[in-house]
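Thanks, everyone. Let me take you through one complex. Please have the viewer open.

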Amino acid sequence: MSKQSTGHPRELFPAQDRGWADRALLQLIRADVARAQVDAALAEAAAACEGVGGRAEDVHGTADAWASARVAEWRRDGDIVWAAEAPLDVRSALVSTFWLAAGLALLFGLSDAMRDRTVEPTWGYLLLPTLLALACVTVYAAYQRTLRAHSRAVASAVGVAVAVCAACGVAALTWATRDHEPFEAGWRIVAGQALGNAVVALLLAKVLPQRQPIGKTPVGEIGAGPMSDDRWLADCGLALRRESGQSEEWVRARLHEATVHAHAAGGTLWDEFGPPMAYAAGLPRRGTSLLAKSVRNRAVFGLSWLLLGLSAVLRDGDVGFLVVGAVSVGLLLVADAVISSVRARRQSISAHPARPGVE
Amino acid sequence: MRAALELDILGLVASEPAHGYAITTRLADAGFGRLRGGSIYPVLARHEDAGHVACGWVEPQAGPGRKDYAITAEGRRRLERDAQAWDGFAETVRRLAAGGSACAAAGRSAVQALHEPAHQTPMNHKPNATRGPA
């Protein structure tokens, strides 16, 4: 008889198998499996080990192989076990902006303290964390909004254009206000920046109604409730372009096919296909999607380091050790992301050279 | 029923190319009931991804263009293999229902055949997975 769950699924395994359970859990979470399904799968794995009386690695193979096999099985059978990020709404965007600003203010303050330096608190300096956070969230929101109706390439171009505009705007404001120092320099400035932004984030989170879950959510719970066909297509398009790793032609064919089917059936897309995120999650993905995520993350980290370097130049007016280091790390990460992306694309093309012939 | 859907859809497009809505209608006529697009298209997409079917756009005289699915040589091999496995499974179920334990050994071999990864059958049922819309 299997043990009852006491919370974390690793507790169902004996001490010597907990490393295996942790690794398997990590792999399933990375593959966007919903947490409830991860726990259930691990509970099954633990029960199988207990039934056979063997170590997890002997019964199931390595944790990576076991997790890959489960993911492949769910995909093959069309089981909806996945979790995804809900599209960014106004509340999430605003709250994220001010939390990010609070974090950046602390980082800037820490950086100044480590270098034992006193910064002239101009208006540009006071607003810099908030403006940079606003720029980051705006870039992400613009990218995601464009992705609802256009290809990843178009969305990336829009994201870059918005990033350039935002950087120019921040630079212009910092330069224009360089002679206005409304407060005395000191640690209170940093505390005020961090606390002020955190308080605004808390207030916004309290005041603005929450319309959708935060973080990764089971796909069936995202966009729950009937919606217009236009919204369904936008949500489904966003999910497919973001997660599937398939070409734009493939995505558009799926959306067109769904529209034609709903039209022929005389119903709405919601009636025929259910929640858009759940439908998108049930369609096959390209094997490079995990790699694509990793590439995207590296690109985002790289751009963050570049922004950090840029902000340091704007604040200090000279190119010091911090700037060279931040820009170098940023460039390395972006270059690595580009190289990985090109390699993944080549592998994808060589794996799917041509469509099989029809009999 | 869901497990049989994959094989049945392959069988339907083997006789003649068909688009998704026509497949839904034919399945309803065959007694599957009213199936939603959310049940059919993921199966078609997986068949297409696996190279079992190929598709082409058809522009009708009136209305929007639609995608017709046709079986490939690989799909036909898969269909024959899975149809045989299902025949064996159905025969075993009939014999077990009629004769009880005398046929248990034959039943075990049929069930083992259906457990092979290439097959999509009710025996691959996973109780914890949420099923797509039906």
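I'll go from the confidence scores to each chain, and then to a contact between the chains.

First, a caution. This is a predicted model. The predictor gives the complex an ipTM of 0.73 and a pTM of 0.69. Chain B averages a pLDDT of 77, and 72% of its residues score at least 70. In chain B, strand β1, residues 18-19, has the highest mean pLDDT, at 90. Helix α5, residues 104-114, has the lowest, at 57.

Then look at residues 118-134 of chain B. There pLDDT stays under 50. The model still has 61 contacts for that stretch beyond four places in sequence. How should we treat such places? Where pLDDT is low, the predicted coordinates should not be read in detail.

Now chain A. It has 359 residues, and 41% of them are buried. Its secondary structure comes to 14 helices and two strands. Take the contacts between residues at least 6 apart in sequence: 78% of them in chain A join residues at least 24 apart.

Start at helices α1 and α2 of chain A, residues 18-30 and 35-52. Their axes are 10 Å apart and pack at an angle of about 145 degrees. The crossing of α1(A) past α2(A) is right-handed. Who touches whom? From α1(A) come A:Trp20, A:Ala21, A:Ala24, A:Leu25, A:Leu28 and A:Ile29. They meet A:Arg35, A:Val38, A:Ala41, A:Leu42 and A:Ala45 of α2(A). By class, that contact has 10 nonpolar residues, no polar ones and one charged.

Next, helix α7 of chain A, residues 152-176. Why do its ends fit a helix of 25 residues? At 1.5 Å a residue, α7(A) should span 36 Å, and its end C-alpha atoms are 36 Å apart, so the two agree. The buried residues of α7(A) are A:Ala155, A:Gly159, A:Ala166, A:Val170 and A:Thr174.

Over to chain B. Of its 134 residues, 46% are buried. It has five helices and three strands. Along the sequence the pattern reads α-β-α-α-β-β-α-α. Among contacts in chain B between residues at least 6 apart, 51% join residues at least 24 apart.

Helix α2 of chain B, residues 20-32, comes up short. A straight helix of 13 residues would reach 18 Å, but the end C-alpha atoms here are only 15 Å apart. Buried in α2(B) are B:Gly20, B:Ala22, B:Ile23, B:Thr24, B:Leu27 and B:Phe32. After α2(B) comes B:Gly33, with a positive phi near 80 degrees.

Now between the chains. Helix α10 of chain A, residues 248-265, meets helix α3 of chain B, residues 37-49. The axes come within 11 Å and cross at roughly 145 degrees. The crossing of α10(A) past α3(B) is right-handed. On the chain A side we have A:Arg254, A:Glu257 and A:His261. On the chain B side, B:Gly37, B:Tyr41, B:Ala45 and B:Glu48.

Buried or exposed? The cut-off for buried is under 20% relative accessible area. A:Glu257 has 4%, so A:Glu257 is buried. What is A:Glu257 in contact with, leaving aside its neighbours within four places in sequence? B:Tyr41, B:Trp57, B:Lys67 and B:Tyr69.

Terms used
Residues are numbered from 1 along each chain as its sequence is written. Chains are lettered from A and ligands numbered from 1 in the order in which they are written. This is a predicted model: local features need pLDDT of at least 70, side-chain atom pairs count only at pLDDT 80 or more; totals for chains, interfaces and linings use all residues. Side-chain values use heavy atoms; hydrogens and water are left out. Axes are lines fitted to C-alpha atoms, for helices over the stretch in contact, and angles run from 0 to 180 degrees between N-to-C directions. Helices (H or I, at least four residues) and strands (E, at least two) are DSSP runs, numbered from the N terminus. A crossing is left-handed if the near helix is turned anticlockwise from the far one by less than a right angle, and right-handed if clockwise. Contact means heavy atoms within 4.5 Å. The expected span of a helix is 1.5 Å times one less than its number of residues. Buried means under 20% relative accessible area, exposed over 50%, partly exposed in between (1.4 Å probe, protein chains only). pLDDT is the predictor's confidence in each residue, from 0 to 100. Ala, Val, Leu, Ile, Met, Phe, Trp, Tyr, Cys and Pro count as nonpolar, Asp, Glu, Lys and Arg as charged, and the others, Gly among them, as polar.
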